[in-house]
Amino acid sequence: MINNPYLVQPDRAFWSRSVSRNFSVDSLLSEASQSSLFQKDDLIVSAGSCFASNLIPWIENEGLEYLRTEELPSQFKDLPENLGYRNFSAAYGNIYTARHLRQLYEQALGVRVPAEDRWHIDGMVIDPFRPGLAYPAESDAEFDLLKASHLKAVLGAFHKATVFVFTLGLTEAWQSKVDGSVFPACPGTISGIFDEDKHEFKNFSVEEITEDLTKFIELLRESNPRLRFIITVSPVPLVATATKSHVLLASTYSKSVLRVVAENVSNLLKDVSYFPAFEIITGPQAPFEYFESDRRNVSEIGVAEVMGSLLKGLTTSEGKKTNPPVETKQMTRSKAGKIISEISRRIARAECDEAMMDKNL
Amino acid sequence: MAKIKSQSGNYVHELKSKSGKWALYGDVDAQILICGQSHAACILEASNLPEVKTGSAIAISVCYSADLYTAGPPGDREYWDFVIELSRGKHVVIVWNGNQHNANFIFQTEPKFTMLGVTDDSCNQESVPIPRAMIRDIFKPSFEELSEIIPSLSNAASITLMNGPAPKPLTHIQSSILQEKYFTDMANSLGVDIGDLVITSDSLRLELWNVLAGLLADSAQKLGANFLGAPALSRDAFGMLLPEYWTPDVTHANSKYGELLIEEIVKLIGKASN
């Protein structure tokens, strides 16, 4: 009998037995992560491309705590916000590249001060790293106050978390020629003014992204040594490329690089798991309906498949499965805020009604 | 508009609006017509004081609720139609709202917030700083009605917008609220012990009030009206309302403050007339 290594491989190692037929999303998960990626008492932080924000309602619906360190009082929550900055643990918005994530954390630690840290435009002081904020500062003093608070919130979230979910989104970015600071969007698109003497295009390599992500994790673990990481690659293709390639080719390159980085870093570092959101949505086995008709945005069905799999097998730290609680801590805080607001409103109204009933009259 | 001389408490009114809900107090021919919400009440009160009645060179009338003891504060369509009817050739002074900061923020929010300009302990590490532009957006809807009201007063000799008095200190607010059964019952009905709620710091309420004053001044400029801020004499070194101008409640100022306002109004109108 001829012996070879494939004979001892499980069914999941064979396309014909695990993709062509009997496909199960669960079988994509590694043995280690199949039990549970989260525990019920985890404090979860996420960052990354817009796909990363899809995670939050699912986490909260499961009764898990999505850590939020930059929440607004309920009175302000109905005001408009751009680009989902406040979707995340702190209001950093989408972080498409590992370099941006690393630089954000370095800024929060105070070891990095970007050369171009603000733009003065039409009487506003714009944060180049959050250029779409609906309410930018109106003075340098206000900018300093808001920025310091934001960076403190970043630090609070990153240091308090027990799980950090990072979705790698892009390899392409725009950066400062002066100090390499990476902007989340090309200056001049959402805000700012593009200046070719100051700004340049950058398409990061596997090596650069691997180093950025590794350094970020190592640096963060100096303050939060037990932090676990879940790395995903966004299945959403590039909206546009700044390279000379067709956007589909550029997108394939970008996702391929990011997928290699995710594999590298999860193999290299302890307690870093890769979660295959990318394969669930884009693999040949994936139903056509996992993308919207633009073949770019992931459909609700696709998101549901990914999130269902990500949150499968939740346990407590004692290993017991639990039911989701009826009310999360965030819901409790929000309810308390609304009641306080209602009491303020009623007092003011009652006093106005009674202004002339004052005993002085 | 019905010409019926009647009385509400010590106050005599000459004219009433269509339904009788709103009334004009004071001389129908007075050059200055005061109108607006509950903070106008201190002017009505002051205008009835004998020393003001005899001392003022320019007569003042006030458009307010006909029944002072049961009617709500002015502000419905009929009220403004009544003011429009009365305004021809008059110097109209609108005391506009002035309680929006209390309506939203008497109690410390969860999480706590602060803003640029706040100087006391509320601006500490635990508070979320809120951009001033965001605060303004919270208050802006309360000024929108002015864009309808002011153009409709085109027959007036002049229009002046006034804001409410500066905030009172936290200690006064705390005792006012705790002593008022209506407030404790209302909080209880919402499942809250009012004594457990923390009053927003003086400095933050003052800064919120400054934002309101700024918005009213902006509205005045945009709509071609004058703006009259709270008299400097009424405020302490920190900017709060001085105790001699307090009513026992959380928000309003007394007749003495009304007297101050009348002086300021007369000065401003006198200047404008010259």
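**Confidence**

I began by noting that this is a predicted model. For chain A I found a mean pLDDT of 88, with 86% of its residues at 70 or more.

**Strand 4 of chain B**

Is strand 4 of chain B enclosed or open to the outside? I checked residues 32–36 and found five of the five buried, so this strand is largely enclosed by the rest of the structure. I also looked at which way the side chains go. Ile32(B), Ile34(B) and Gly36(B) point one way, Leu33(B) and Cys35(B) point the other way, and all are buried.

Next I wanted the strand's partners. Strand 4 of chain B runs parallel to strand 5 of chain B (residues 60–65), and three bridges hold the pairing. With strand 6 of chain B (residues 91–95) the pairing is again parallel, over five bridges.

**A three-stranded sheet in chain A**

Over in chain A I traced an open sheet of three strands, in the order 7-6-8, with antiparallel pairing. Its edge strands are strand 7 (182–183) and strand 8 (199–203), each of which pairs on one side only. Strand 6 of chain A (residues 172–176) is joined to strand 7 of chain A by two bridges. There I found Trp174(A) opposite Phe183(A).

**Aromatic rings**

I counted up the ring pairs next: there are 21 aromatic pairs over all chains. How are the rings of Phe76(A) and Phe105(B) arranged? Their centres are 5.6 Å apart and their planes meet at 20°, so I wrote this pair down as stacked. Phe76(A) lies in the loop between strand 2 (65–66) and helix 4 (98–109) of chain A, while Phe105(B) lies in helix 4 (residues 100–105) of chain B, so the pair joins two chains. Both Phe76(A) and Phe105(B) are buried.

For Phe216(A) and Phe229(A) I found centres 6.2 Å apart and planes at 80°, so this pair is edge-to-face. It links distant parts of the chain, with Phe216(A) in helix 6 (residues 206–223) and Phe229(A) in strand 9 (residues 228–233) of chain A, 13 residues apart. Phe216(A) and Phe229(A) are both buried. I followed the ring pairs onward and reached a cluster made of Phe88(A), Tyr92(A), Tyr105(A), Phe158(A), Phe164(A), Phe216(A) and Phe229(A).

I also looked for charges over rings. The charged end of Arg17(A) sits over the ring of Phe14(A), 3.9 Å from its centre. Likewise, the charged end of Arg259(A) sits over the ring of Tyr274(A), at 3.8 Å from the ring centre.

**Nonpolar cores**

Which residues have the most contacts inside the largest nonpolar core? That core has 73 residues, and my list reads Phe38(A), Tyr92(A), Phe158(A), Phe164(A) and Leu168(A). Helix 6 of chain A contributes the largest share, six residues. A second, separate core has 45 residues, among them Leu24(B), Cys35(B), Leu86(B) and Leu215(B).

Last, the backbone. I found a cis peptide bond between Glu110(B) and Pro111(B), with omega about -5°. Pro111(B) belongs to the loop between helix 4 and strand 7 (113–114) of chain B.

Asp271(A) is not a glycine, yet has a positive phi of about 55°. I placed Asp271(A) in the loop between helix 7 (247–268) and strand 10 (272–274) of chain A, and at 40% relative accessibility it counts as partly exposed. Arg295(A), not a glycine either, has a positive phi of about 55°. Its loop runs between helix 8 (277–282) and helix 9 (300–310) of chain A. With 34% relative accessibility, Arg295(A) goes down as partly exposed.

How values were computed:
Residues numbered from 1 in each chain as written. Chains lettered and ligands numbered in written order. Heavy atoms only, no water. pLDDT = per-residue confidence, 0-100. Buried < 20%, exposed > 50% of the residue type's maximum accessible area, 1.4 Å probe, protein only. Helix = DSSP H or I, 4+ residues; strand = E, 2+ residues; numbered from the N terminus. Pairing = 2+ DSSP bridges. Phe/Tyr/Trp six-rings, centres within 6.5 Å; stacked < 30°, edge-to-face > 60°. Lys NZ or Arg CZ within 6 Å of the ring centre and 35° of its normal. Core = buried A, V, L, I, M, F, W, Y, C linked by side-chain atoms within 4.5 Å.
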